[in-house]
Amino acid sequence: MSAISPDMENPGDPTAAPELVSAPPIRSRQWLTLLKSTVGQTRGQIGLTFVIVIVGFALLGPLFAPHNPNAFIAFPNQAPGGHLLFGADALGRDVWSRFLHGGWTVLYMSLSATLIGVGIGLAVGLSAAYLGGVWDEILMRIADVFMAFPQIVLALLVVTALGPKVYLIILVVGISHAPRVARVIRGAAQQVVERDFIKAAEAVGEPRRRVIFGELLPNVTSPLMVEFGLRWTYSIGLIAGINFLGLGLQPPQSDWGLMINDNRLSLTVQPWGVLLPIIGIAMLTIGANLLTDAYARSAIGINRGED
Amino acid sequence: MTRFLIRRVLLGILILLLVSIVVFSATQALPGNAAQAILGRQATPARLKALTDQLHLNQSAPAQYWHWLSGIVRGHFGTSAATQGPVTKLISGPLANSAFLVAISAIIAIPLSIGLGVWMAVKRDKPADHILSTGTLVLAALPEFVIGIALTLLLATKYVWRAFPAVSIIPPGDHAWDVPKVVVLPALTLILAVTPYISRIMRASMVEVLHSDYVTMARLKGLSNRTVVWRHAVPNAIVPAIQVSALQLAYMAGGVVIVEYVFGYNGVGSQLVTAVTNRDIPTVQALAMIIGAVYVVVNLVADLLTIVVTPRLRTAGR
């Protein structure tokens, strides 16, 4: 915060560019309108409900689990009945208790990966748009290389080299999102860079970092939110998928992805061990996607045909 | 245009080269001696030395890279750490099976989703459009393994209709096309996974084109609805759909990993999961390299196709 960039702190400054003065109140009202219109749509309501229900299961589930998720309390693949609401899994553990315990890992791993990916992507995208020229070229070519792998293959490559560690999987899924986010943010920011208030901010000597994050960032929040929702949807699928392949979390951890793998061979005998986690994952991704779509529709204000 | 073509192809080669460096560095990232890491507790001094020689680990990293890369260019992917046989032999059968699966899925999915997109755009805001738009939105959110297992429950178990095998067993020596029944569910999964993306972009682009003046003009001239839609509107609306189709085709190269695992389909995907589980680095590198190459080439073809179908770009002196 240099002394010659007082515009935000001192709105009464007569030398300040008018956009800088009037921007904050409009922006905050816009937020409220956007939120209202997102939740005002049927798909927004359904999406929000799904997400709240599943997040509720993931956070509070362990408190309501009737049994120890790792205790062997029944015959393998025992049918539902008695004290077993959804029967036992392939090893004789309570399916319902494992389901209630298994959402948390899906939730925190996918959200951390998304935050990392969107964070890096945002920084790279804004920098590429603002700096332009050689920097833009270098950053986008690096992004191209990382986009030359399907995300799952990149993750498997890292798991092979460094082993199935949780932080590693979060990190590699996050990083594999980054170039995709960076492209979108760069595209949105390029249109803003040319506008007068950016030149005004430069003219009054604002440091680069402040121009990028103080002036550019607030003007790309809509695509940023949409990217966050999309990447979260994909993160859930990717992370649950890696756990499903048995290359992430290891037994006896209760995790929805891992649960599917544990019980898929007994699908015809006792489907609940697969069905419950599948429903949980499906509701979470559908909820996240519907909510993102509703938000994007409100933000654009027109019929959105594509993500 | 020729200059643009050459630039685009050179860029593709450059990206492939960088991809190969990323794939190669996976070996270098192994903590300590890669041979030790691969062999684990079974490492006897003799086996350790043999594998060290085999992987050229006693040479410098650039020399190792050169060795590996020049091998790949000649079609030699090294020796599998798990089977001790050549990787090329290990992956050629699965490669053909996967190529067949992806090709079948793409041949069905791309025209189907373009047709769906056009139909949604023509029926815009009618019930059919609402149902399909919401349906594709929901489908787009679902991970492949969720779709795959849902299909298994519906079409391969006693619960609803046992029409297809739940496990896609391909007898040794046979290829996927010899036992077409086992391809149905994996292919259906891939089709359901990519259709939403292509049809939604086609709908969006078609809605825009149907609003343009020249389409109104064509209607005013009294042309039939079919001619207006298919002869006048679709050719202009299809470019974004081609690009997304290519992206989805490239995505399928990775999507097969999980889909094949769900159905136990013997392709590069299951092979990759097995290789990762065994920490069979040469095989993982070979498969990652092949998938990366498919990805780069498909995107290259998409860019070229875009030029071919867009007259403005075709004549531009780029």
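**Close-up views of a predicted two-chain model**

**View 1. A:Asn77 in a loop of chain A.** A:Asn77 sits in the loop that joins α2 (42–64) and α3 (95–131) of chain A. The model is a predicted one. The phi of A:Asn77 is positive, about 60°, although the residue is not a glycine. Most residues other than glycine have a negative phi.

**View 2. B:Asp125 in a loop of chain B.** B:Asp125 is found between α5 (87–122) and α6 (127–141) of chain B, in the loop. Its phi is positive as well, about 65°. B:Asp125 is not a glycine either.

**View 3. A cis peptide bond in chain A.** The bond in view runs from A:Pro251 to A:Pro252 and is cis. Its omega is near 5°. A:Pro252 belongs to the loop between α9 and α10 of chain A. Most peptide bonds are trans.

**View 4. Packing of α7 against α8 in chain A.** Two packed helices are described by the angle between their axes and the distance between the axes. Here helix α7 (residues 196–203) of chain A packs with helix α8 (residues 208–216) of chain A at about 145°. The axes lie 10 Å apart. α7(A) passes α8(A) in a right-handed crossing. From α7(A), the contact draws on A:Phe197, A:Ile198 and A:Ala201. From α8(A), it draws on A:Val211, A:Glu215 and A:Leu216. By class, five of these contact residues are nonpolar, none is polar and one is charged.

**View 5. The interface of chain A and chain B.** The size of an interface is often given as the accessible area lost when the parts come together. Between chain A and chain B, about 4,200 Å² is buried. Carbon and sulfur atoms give 75% of that area. Chain A brings 49 residues to the contact, and chain B brings 51 residues.

View 6. One salt bridge is found across the interface of chain A and chain B. The partners are the side chains of B:Arg200 and A:Asp293, 3.7 Å from N to O. On the side of chain A that touches chain B, the elements giving two or more residues are α4 (133–146), α5 (151–162), α9 (221–244), α10 (256–263) and α11 (272–300) of chain A. α11(A) supplies the largest share of this side, 10 residues. The side of chain A that touches chain B divides into 28 nonpolar, 12 polar and nine charged residues.

**View 7. Chain B on its own.** Chain B has 13 helices and zero strands. Along the sequence, the pattern of chain B reads α-α-α-α-α-α-α-α-α-α-α-α-α. Taken along the principal axes, the C-alpha atoms of chain B fill a box of roughly 85 × 60 × 30 Å.

Notes
Residues are numbered from 1 along each chain as its sequence is written. Chains are lettered from A and ligands numbered from 1 in the order in which they are written. This is a predicted model: local features need pLDDT of at least 70, side-chain atom pairs count only at pLDDT 80 or more; totals for chains, interfaces and linings use all residues. Side-chain values use heavy atoms; hydrogens and water are left out. Axes are lines fitted to C-alpha atoms, for helices over the stretch in contact, and angles run from 0 to 180 degrees between N-to-C directions. Helices (H or I, at least four residues) and strands (E, at least two) are DSSP runs, numbered from the N terminus. A crossing is left-handed if the near helix is turned anticlockwise from the far one by less than a right angle, and right-handed if clockwise. Contact means heavy atoms within 4.5 Å. Ala, Val, Leu, Ile, Met, Phe, Trp, Tyr, Cys and Pro count as nonpolar, Asp, Glu, Lys and Arg as charged, and the others, Gly among them, as polar. Buried area is the accessible area (1.4 Å probe) that two parts lose on being put together, summed over both. A salt bridge is a side-chain nitrogen of Lys or Arg within 4 Å of a carboxyl oxygen of Asp or Glu.
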